[in-house]
Amino acid sequence: MLRNACRTGLLGLSCALLLLSLPAGAEEASEGDQLTLYRAVSYYSDEASFDSDELKNSLSEKVFAKLMQDAGWSMKIRYLPLKRAISLYQADPEGCVVAPLPVNTDLQQSSDIYYMNPFWIYVLKDRGFKTIDDLRSFGSIDGSDDFIGRTILGDLERINAPSFQVLMAMLRSRRVDAIPLGELAQMHEPEVGKTIVRLSEEPFLLIPHRLRCKRTPKTALMLEAVNRVLAENPAPHGVLQTP
């Protein structure tokens with residue numbers, strides 16, 4: 001596009017100056033073959049909500065959008081259930097995902113941490129639980145350990161749910177005593193903060209967000225630009241900016 005116009009001489013000197021002023025990687029981002037981020041999202045009520053304005057306006061997504069803008073790159077983002085996002089990432093030779101653990105292999109590489117995502121333990125308000133010691137069981141979404149990067153509440157009985165809807169149903173029916181939820185849960189569940197409350201206002205854990213991509217020349221350029229930005233502007237602490 002822009003480079004093609006320069007090659008044909010249509011924009012002359014002004015085009016050359018514009019190209020020189022672009023951040024590293026910006027030209028690649030303007031092409032039709034954008035890199036795709038398969039963004040795993042647990043909190044949804046239907047397929048349409050994956051691209052909802054609520055999700056894009058969450059703090060974590062705003063931080064990511066600003067990071068990519070500062071790095072001079074843009075990405076196509078697909079909001080998907082966890083297992084679907086992982087499957088599509090594995091099939092895409094230039095795909096990217098958000099993941100907690102760093103990798104640096106011949107096949108994959110990751111950025112530095114760009115966000116710390118807080119998770120809280122939630123319980124039914126009328127159960128009267130005060131501390132983690134009061135709990136006997138908890139529910140989680142199947143495959144969440146891969147996303148979180150660790151096993152949580154390992155001493156309690158654990159029941160996996162295939163989806164967020166089932167997870168919430170298990171808590172409401174008292175099949176489990178507690179569930180871990182992140183900041184996006186508040187956007188899609190009106191009960192959160194009312195009949196479903198945090199066991200403690202302190203987050204139970206913080207999950208690092210890194211951009212992990214298949215290793216290609218293009219993704220290497222993008223991640224290099226991202227890490228340059230992060231070196232000057234360290235990852236924000238999500239807890240300090242959420243109500």
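Okay, so let's start with the surface: the accessible area of this protein comes to about 12,500 Å², and 53% of that belongs to carbon and sulfur atoms (Shrake-Rupley, 1.4 Å probe; for residues, only the protein chains shown count as cover). Bear in mind this is a predicted model, where local features need pLDDT of at least 70, side-chain atom pairs count only at pLDDT 80 or more, and totals for chains, interfaces and linings use all residues. Residues are numbered from 1 along each chain as its sequence is written, and side-chain values use heavy atoms, with hydrogens and water left out.

Of the 243 residues, 48% are buried, where buried is under 20% relative accessible area, exposed is over 50%, and partly exposed is in between, with a 1.4 Å probe and protein chains only. There are 10 helices and 10 strands, taken as DSSP runs numbered from the N terminus (helices H or I, at least four residues; strands E, at least two).

Now, which residues does the disulfide join? Cys96 and Cys213, S to S 2.1 Å; the cut-off for a disulfide is cysteine sulfur atoms within 2.5 Å. Cys96 sits in strand E3 (residues 96-99) and Cys213 in strand E10 (residues 205-214), so the pair ties together parts 117 residues apart in sequence. The link is right-handed, with 110 degrees about the S-S bond. Both Cys96 and Cys213 are buried.

Last stop, helix H6, residues 82-91: its buried residues are Leu82, Ala85, Leu88 and Tyr89. Down the axis of H6 they fall within an arc of 135 degrees, so they line one face of the helix; the arc uses directions from the helix axis to the C-beta atoms. Turned away from that buried side are the exposed Lys83, Gln90 and Ala91.
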